Amino acid sequence: MLKKILKPHVKTVLAVVWFAFTFSLVTWWWVFLLMRLNQSESHRMFAWEGSILLATIFLGGVALVLFSYRDQKRHQRLRFFFSTFSHDLKTSIARLRLQAEVLEEDLHGNTHPVMKRLIDDIQRLDLQLENSLLLANLESGQLLKEDISLSDLLSSLRNEFSELSLELEREAILRGDRRAFLSVFKNLLQNSVLHGKASSVRLKVKSLDTNHIEVLLQDDGLGFKGDISKLGSELLMSQDARSNGIGLLITRSLLEKMKGDIQFESKENEGFQSRLKLEGRLK
């Protein structure tokens, strides 16, 4: 609720409402008081004091509305710039990744370690940019409601995570925003590859009720050694920028906005589990 009130356009509307209400109330009080006074000296004193008070409220209210309006316009310009810049940067990253994959194909299957690291770094950079864009637009952005095949989502991710073996035990239809779900599963798979050194991820699906399902992602990686209760709830203190937990934080935020939830389970050297509660149905 507080986040909605603090939005720039809402603040401008509230400033206008406050100004109109306060100025009208003080004007009514001043006129009513002058009509009740009979003594000339008191009448003159309250007339001057009231006029100064009204002038102060008027100037302060106008300044507040103008500053709120300027803040709203500045916020809109920053959002437009960030969206345009992010779109251009994502296009450049996609071209760079395409060129790297073409060079890899020219090696006739003999992938050089440097080329492999280059492609992995480009993939991580693209995911980090997507996370930053989603984080910036999470509060104001609107998510779609559509039926999405879980197997289709995984098919689109297999090329990006060719080092992972993805096994889906049962098909399901998810209800939500396709871009948001892609970000969710990208972050979870990236977490398994980058931090868990996993080679395979198995997805188990079961029905919770007529409108909700549970998707369990289980990898064969190293697991998580820290306090698992902090994952997805806050940024982690780490010297490695890749280990600050922003991907899991955005994952939880996206799922909550789509009326879902996620829980993490892990034991050292026993893999990592992500338990997702989603709107959807079995197929």
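**Close-up 1. D147 and R175 meet through their side chains in a salt bridge, 3.3 Å from N to O.** A salt bridge here is a side-chain nitrogen of Lys or Arg within 4 Å of a carboxyl oxygen of Asp or Glu. This is a predicted model, so local features need pLDDT of at least 70 and side-chain atom pairs count only at pLDDT 80 or more, while totals for chains, interfaces and linings use all residues. Residues are numbered from 1 along each chain as its sequence is written, and side-chain values use heavy atoms, with hydrogens and water left out. D147 sits in strand β1 (residues 146-149) and R175 in strand β3, so the pair ties together parts that are 28 residues apart in sequence. Helices (H or I, at least four residues) and strands (E, at least two) are DSSP runs, numbered from the N terminus. D147 is partly exposed at 47% relative accessible area, and R175 is partly exposed at 32%. For these labels, buried means under 20% relative accessible area, exposed means over 50%, and partly exposed is in between (1.4 Å probe, protein chains only).

**Close-up 2. D261 and R252 make another salt bridge, at 3.6 Å from N to O.** What about burial here? R252 counts as buried at 14% relative accessibility, whereas D261 is partly exposed at 27%. Across the whole structure, a search finds nine salt bridges.

**Close-up 3. F19, F23 and F58 are linked into a cluster by ring pairs.** Rings of Phe, Tyr and Trp (its six-membered ring) pair if their centres lie within 6.5 Å; planes under 30 degrees apart are stacked, over 60 edge-to-face, and the rest tilted. The whole structure has four aromatic pairs. For F19 and F58, the ring centres are 5.9 Å apart with planes at 55 degrees, so that pair is tilted. F19 belongs to helix α2 (residues 8-36) and F58 to helix α3 (residues 40-106), so the pair ties together parts 39 residues apart in sequence. F19 is buried at 17% relative accessible area, while F58 is partly exposed at 40%. The rings of F23 and F58 are also tilted, with centres 5.8 Å apart and planes at 55 degrees. This pair joins α2 to α3 as well, across 35 residues of sequence. F23 is partly exposed, at 27% relative accessibility.

**Close-up 4. The largest nonpolar core has 36 residues.** A nonpolar core is a set of buried Ala, Val, Leu, Ile, Met, Phe, Trp, Tyr and Cys residues joined through side-chain atoms within 4.5 Å. F181, F185, V215, L217 and L276 have the most contacts inside this core. Elements that each supply at least two of its residues include α5 (150-158), β3 (172-176), β5 (212-219) and β7 (272-282). Helix α6 gives the largest share, seven residues.

**Close-up 5. L217 and its neighbours.** Leaving aside residues up to four places away in sequence, L217 touches residues including F185, L188, V201, F272 and L276. Contact means heavy atoms within 4.5 Å. A second, separate core has six residues, among them I93, M115, I119 and L129.
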